[in-house]
Structures are given as structure tokens and as C-alpha cells.
Amino acid sequence: MDLSIFGYQFMQNAILSAFLGGIACATIGVFVVLMHMPFIGVCMAHAAFAGALLGLWLGFNPLVGAFTFSLLSAAIIGPLADRGQLSPETSLGVIFSLMLGIAFLFMGLMPGTKSGALELLWGSILTNTRSDIILLAVVAVVVVGLVFIFYKEIQATIFHRDMALSVGLPATLILYGILFLTGATITASLRSIGGLLIFSLILNPAAAAYQLTYSMKRMFLLSAGFGVLSGWTGLLISYLFNIPSGATIVVTSSVIFMIAAIFSPKRRVKGWQKKPLLEE
Amino acid sequence: MGATIINIEDAVVSYREDIALRGVSLKVESGEFVGIIGPNGAGKTTLLTIVNGLGKLLSGRVWVLGDYLTPSNGHSLRKKVGYVPQVENIDPRMPMNVREVVMIGRYGLLGLLRRPGKHDWEIVDEMLKLVGMTHLARRPIGHLSGGEQQRVAIARCLAQEPELFLLDEPTASLDWKAQTEILELVKRIHDSRHLTTLFVTHDLGALPVACDRVVLMKEGLIKAEGPPDKLLTDDNLSQLYDMPISAVEKRRREVILGQG
């Protein structure tokens, strides 16, 4: 195998992007999985995609459009999730399909070639620039930093929002904070992974980690590890076989999930009693 | 008994179109054990949520532990109020163990940016011992039975070192043995820790015999209140459940014994 490719700036950028994006997305994924809101993430990802296309069409920075749209969708989704009891799936389905419709509408209205739009759809981590990496780094540091600083508040909110509220924690604020971070992470990773695929990189590593541990701290660490592993392995496969990197990253993360699910101790109902693994 | 620590004046609460409380006034004195009973939808849970500041008042006034409740001081109040909500299904794969869940009770007191220390873990272990859950302290929370979950919820509530103890249907969906054990536990804790307790239930059989006072609620109103022996008459209960109480008893026996 010719490894000289790793000497090139664009490849180093891609490796760094996969690392930062993997950590940020996989950390967000833990919230998404444990708060049972995968559909919310899908919705925000597609909103971000629609916003980015609006930017491309009207000629402003697509990432500004992506961030604005994902926050707008969070502003609609937040109260739905906050209300709790009632299942918000139906409303989310409406918003999700609307966002996809708007995205393709903008794409259709856009004059000239659609290559920029397609790039946002599939992602192109190999063309990431320095500014993309800086944005990813800032988001990754903020996400990981906030989880570290507010770990106990986040843990309680994830476990049970009403309970967190009843012991005097600002659980509603934390819920909206989590939605805000989700929007920021999706926006920063949009160009690398792509609007259609980004959600798998959020969901799969966390879902894999969820299969393997009964400790939330460990779940955060495992998830981040799987996120980076997905990014790097996907990148390598993409290079070796000359296929789109966004797709290989996502498929890798799915494979990791499947392996984790097969070996999950949680599937063996009584298994943990004999061997109380991974506590605390 | 002592000073009034809960004072609710003419509270009205509404969720969208439904009015949950239609002008409820209630005073509770320090150290009292108050049982609140009534059919489903009577507003019992809502009454608890206005005491801990989670429910939004449409009108009326509430004082709890000497403070007049406003939308902004709810957080600080809730740190002093222990609330055991109705049982909900917990994700069996939730990555938290029993000890960690009980620790959540201390989070509000700890405040932002402070991590639980040795003292906090000692309190958590003490509370687990009190509710008889020490042997399950490191089990994943989702693996416990309903009765065990309820004990954990009570331990979490006590870890908060509350002055007020609010319990919402703590025995619902438990079998008879677990129900009896929880009732005894609640009473023991109420007495030994000198708490003021509000105990909500729709099930007469789950009303602790030790109540100092019983409040009957129906359709968002307090229908009657007083000492249990005077209040829990057949007449009162028949009105409360829209069915002659003798008929309720008869049906129950028919179901249990297969007679009739």
C-alpha cells in the first residue's frame, strides 16, 4: 500500500476532520440515544441541509444557513419534546418531510451546476479546508467541554427530565442546550459527512456504545472512540477503493453497531447477573 | 404539629382546555401526614406540582416553607422538597446504576460545577440502607422490579434531605406485599425524619392508616377534609367514586372470590 498519500495536506486535513467530527457527533449521539430522540436528530440534520442549500442558492455562507435552519427546527421541536408524555413522532414526521421538500425545492431553483449542493448532500471530507477544521475543532471542544463541566446536570436530565426538575436542576435549559449543540455539531460536520449521512455518524457510534455498557461515562468514551474509528476506517476504505468517503464512514459506523449489537451483554438477559461487568 | 408550612389559596390550574384545579385552598402544618385521595383526574397530582412549583398557576397563591411561590423561585424551593413522581417505565438498558440514580437527589443541593464528594456518597449509601436496597446498589436501574424502583425513588428523594415529602401514587401497580412494605416504609421515614408528608393515591386500600388527615378530591376541587376515621364514611366515599361503597366492596369480593 502506498502511504505517501498521508503526506498530503488534504489527507491530513481529512484525518483531522474525521477525528474532530467523530468525537463531536458521537458525543451528541449519546444524548440522542439515551433521550430516545433519534427522529429529532434526523429532523435537524435535514433542516441544516435545507438551510445550507438556501445559502448556496442566495449566495450567502451555506453554514450560516445550516445553523439557522437547524436551530429553527430545534425551536419547533424543543417544545414538542419538552411536553414529554405525548409522542411527538407525527409532528416530527411532518417537519422532517417538509425540510426535505424545501431542500429539494432550493436545489431545483438553484441555477447552474449542482455540484456544490451534491457535496452538501454526500459530504466531501477530502476537500476540507483549514477553516472547516477550525470550526469542527471549536464545536468538538465546546461539546466535550460542556459535557465535562455539566456532567451531573446532563446525566440527571438524560435519565429523567421531570425528576431532574424536581430536585431543582434547570432541566429545560439543559434540554435546549443539548438541541443547540446538536444543531452546531450537525452544521460543523455538514460539509465533511453530508446532510443525508451525518445522522448515522451521530446515531451509530452511540447506539453501539449503548449495547456494551451500563455506565454512562463509559458510554460517552466508547461512543467517541467508535466515532473516530468510523471516520478513520471509512476514510481509509474510501481511499483504497476510490469510493465516496461520506458513504464509507457511515457504512463503517453501521458495521461497528452491528458487531456491538451481536456481542452485546445486554442481549443476554441474565448474563450480567453472573458477570456484573462494566459498573460505574 | 407546628407552624403552617404549606398554604394554598384558591389555586386554579389548567392544562390547555382542561381545568385541573378549580380553586383549591389547603393548609398543611409542619409534621402532618396528609393523605389525598380521589378518582383519576381529580387533580391530585396537579396539587402536588403546585406545591413544588412545577405546576403553573392560572390564579391563586401558594406559600411553601415560608416562601411565596413565584415562577422564578421554583428551582431553589425544589431543592428542599422531595418529590416521588408516579412510576414510569425506565429503559432497561439505561446506563446508570441504583447508587447513581439516588445521587441525583443531591445534585440540586450541590449546585452547578460541584461534583459529589465522599460525604454525598455516604448519604446516598445511608439512604439505600434505610430503604433496604443496599444489596442492589450497583445494579443497573432498569433491571429492578416496580417495588424496588419505588424504594430507589424514595431513597433519591431522601438523599435530598427534604423538609417536605411528596408522594404521587407510590404504591400504584405494585403487588399487595410490595404495597404494604412501601406504606410501612413511608410511615417509618415520616416519623423518624420528622417530615411533612403529602401522600396521593386513587386507591383507598393504599391510603396509609397512619394519616393525620385525609383530603378528598374530585373534579379539581377539595370535597372534604378531616381526620380519617370521621371522613372516610360510606357516604363520603360513595359520593367520591359515584358508586355506593357497599357496591364497590361487593364487586371487589366477587372478583376476588369468584362469587356472584
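Author: What follows is a set of questions about terms, each settled by a value and its cut-off.

Author: This is a predicted model, in which local features need pLDDT of at least 70, side-chain atom pairs count only at pLDDT 80 or more, and totals for chains, interfaces and linings use all residues. Residues are numbered from 1 along each chain as its sequence is written, while chains are lettered from A and ligands numbered from 1 in the order in which they are written.

Reader: How many helices and strands are there in chain A?

Author: Chain A has 13 helices and zero strands. Helices (H or I, at least four residues) and strands (E, at least two) are DSSP runs, numbered from the N terminus.

Reader: What makes chain A as compact as a globular protein of its length?

Author: The radius of gyration is taken over C-alpha atoms, and the globule rule is 2.2 Å times the number of residues to the power 0.38. For 280 residues the rule gives 19 Å, and the radius of gyration of chain A is 19 Å, close to that value, so chain A is as compact as a globular protein of that length. Along the principal axes, its C-alpha atoms fill a box of roughly 60 × 45 × 30 Å.

Reader: Why is chain B described as being as compact as a globular protein of its length?

Author: The globule rule gives 18 Å for 260 residues, and chain B has a radius of gyration of 19 Å, which is close, so the description holds. Chain B has nine helices and 10 strands, and its C-alpha atoms fill a box of roughly 55 × 45 × 40 Å along the principal axes.

Reader: Why is B:A206 called buried?

Author: A residue is buried if 20 or more other C-beta atoms lie within 10 Å of its own, exposed if 12 or fewer, and partly exposed in between, with C-beta atoms placed from the backbone. B:A206 has 21 C-beta neighbours inside 10 Å, so it counts as buried. B:A206 lies in the loop between β8 (196-201) and β9 (213-218) of chain B. In chain B, 41% of the 260 residues are buried; in chain A, 52% of the 280 residues count as buried.

Reader: What is B:A206 in contact with, leaving aside its neighbours within four places in sequence?

Author: Two residues are in contact if their C-beta atoms, placed from the backbone, lie within 7 Å. With those neighbours left aside, B:A206 is in contact with B:T171, B:Q179, B:L183 and B:T201.

Reader: Is B:I19 buried or partly exposed?

Author: B:I19 has 16 C-beta neighbours inside 10 Å, so it counts as partly exposed. B:I19 lies in strand β2 (residues 18-29) of chain B. B:I19 and B:G220 are 201 residues apart in sequence, yet 7.2 Å apart in space, C-alpha to C-alpha. Leaving aside its neighbours within four places in sequence, B:I19 is in contact with B:S14 and B:G220.

Reader: Why is α2(A) called oblique to α9(A)?

Author: Axes are lines fitted to C-alpha atoms, for helices over the stretch in contact, and angles run from 0 to 180 degrees between N-to-C directions. Angles under 35 degrees count as roughly parallel, over 145 as roughly antiparallel, 65 to 115 as roughly perpendicular and the rest as oblique. Helix α2 (residues 38-58) and helix α9 (residues 171-193) of chain A have axes that come within 10 Å and cross at roughly 50°. That makes α2(A) oblique to α9(A).

Reader: Which residues make the contact between α2(A) and α9(A)?

Author: From α2(A) come A:G41, A:M44, A:A45, A:A48 and A:A52, and from α9(A) come A:T182, A:G183, A:I186, A:T187 and A:L190. By class, this contact of α2(A) with α9(A) has six nonpolar, four polar and no charged residues. Ala, Val, Leu, Ile, Met, Phe, Trp, Tyr, Cys and Pro count as nonpolar, Asp, Glu, Lys and Arg as charged, and the others, Gly among them, as polar.

Reader: Is A:N242 buried or exposed?

Author: A:N242 has 7 other C-beta atoms within 10 Å, so it is exposed. A:N242 is found in the loop between α11 and α12 (245-262) of chain A, and its phi is near 55°, a positive value in a residue other than glycine.

Reader: How many residues of chain A are in contact with chain B?

Author: 23 residues of chain A are in contact with 23 residues of chain B. On the chain A side, α7 (151-159), α8 (161-166) and α11 (216-241) each supply at least two residues.
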